[in-house]
Amino acid sequence: MSDTRERILQTAFSLFLRKSYKEVTLNELIEATGLSKGAFYHYFASKEQLFIEVINVFFFEKSFIDYSKLSHDSLWSFYHDYAKAVQKLINSYKDYIDYKKTEASINYFTLIFDALKHFPGFRKKLMEAQKKELNAWTKIVKIGREKGEYSSSMSDEQLARMFIYSNDGIALYVLMNGNYNNIEHEMITLWDNFYKEVKD
C-alpha cells in the first residue's frame with residue numbers, strides 16, 4: 001500500500017471514528033488529507049468507496065485479534081492474554097485520536113452501524129467474525145473444563161458467551177466514558193471475579 005493511500009485511510013478512519021458517515025463530508029476528507037481533489041480522486045472515487053476500504057482495513061484487518069496467538073494453557077491465561085490484546089488495540093487508536101483532548105471520542109459502535117447501513121456484505125463478514133470469536137472462546141472454555149480448571153452447570157458455549165457479551169459491555173462503557181487506558185483493568189477485574197465464581 002502506498003504511503004499516500006495509507007495516509008488517506010488513516011485520516012478517514014480518524015474522522016469516521018469521531019463523526020458519523022453522514023456527518024463527514026467528501027470535502028472535509030480531502031481537506032484533512034492535505035491533497036488536491038485530483039490527487040485524492042486518483043485513489044478514491046467517492047466517500048462510499050473510501051468508507052468501505054476503511055472498514056475493510058481497520059475493522060477486519062488491523063482490529064483483528066488472532067486467537068491462535070493467545071495462550072491456550074488455561075481459560076485464565078487465555079482471557080488475560082485477550083484483555084491485553086484488546087488494550088493494545090485500543091492504544092493503537094492513539095495514532096488516530098488524541099485522547100488528551102477533552103472533545104476526543106471514539107464512536108466505534110456508530111462506525112459499526114454505519115457500516116451495516118452503507119457497506120454491502122458487512123453484516124455477513126461481521127457474522128463470520130463473530131462465529132470465529134464464539135468458536136475460539138468455546139474451545140478454550142472446553143479445554144479449561146477438561147483440565148478440571150473449573151466446574152459450572154452452564155454449557156461451554158454459554159460460558160463463552162458470558163465472556164464475549166461482557167466484553168462488549170465493558171468496551172461500550174469504557175469508550176463512552178473516554179477512559180481508554182482502563183479497558184484491560186475493567187475486563188480482568190470482572191472476569192477474575194466471574195472465573196472465581198465458576199471455579200469454586
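Predicted model: local features only at pLDDT ≥ 70, side-chain atom pairs only at ≥ 80, totals over all residues.
Residues are numbered from 1 along each chain as its sequence is written, and side-chain values use heavy atoms, with hydrogens and water left out.

Q: What makes a space a pocket, and which residues lie nearest the centre of the largest pocket?
A: On a 1 Å grid over the protein atoms alone, a pocket is an open set of points with protein on both sides within 12 Å along at least five of seven lines, and its lining residues have an atom within 4 Å of a point. The largest pocket holds about 1000 Å³ of space, a volume being the space filled by probe spheres set on grid points that are joined across faces, edges and corners. Its lining has 34 residues, with Phe 59, Tyr 108, Leu 126, Glu 133 and Asp 168 nearest the centre, and H7 supplies the largest share, 8 residues.

Q: Why is the other kind of space called a cavity, and which residues line the largest cavity?
A: It is called a cavity because a 1.4 Å probe fits at its points but cannot get out. The structure holds 1 cavity of 30 Å³ or more, and the largest cavity is lined by Phe 13, Val 54, Ile 55, Phe 58, Phe 59, Tyr 108 and Leu 111. H4 gives the most to this lining, with 4 residues.

Q: How do you know the class make-up of the cavity lining?
A: Ala, Val, Leu, Ile, Met, Phe, Trp, Tyr, Cys and Pro count as nonpolar, Asp, Glu, Lys and Arg as charged, and the others, Gly among them, as polar. The lining of the largest cavity therefore has 7 nonpolar, no polar and no charged residues, whereas that of the largest pocket has 25 nonpolar, 3 polar and 6 charged residues.

Q: What makes the span of H5 close to the expected one?
A: The expected span is 1.5 Å times one less than the number of residues; H5, with 18 residues, reaches 26 Å from its first C-alpha to its last, close to the 26 Å expected. Helices are DSSP runs (H or I, at least four residues), numbered from the N terminus.

Notes
Helix = DSSP H or I, 4+ residues; strand = E, 2+ residues; numbered from the N terminus.
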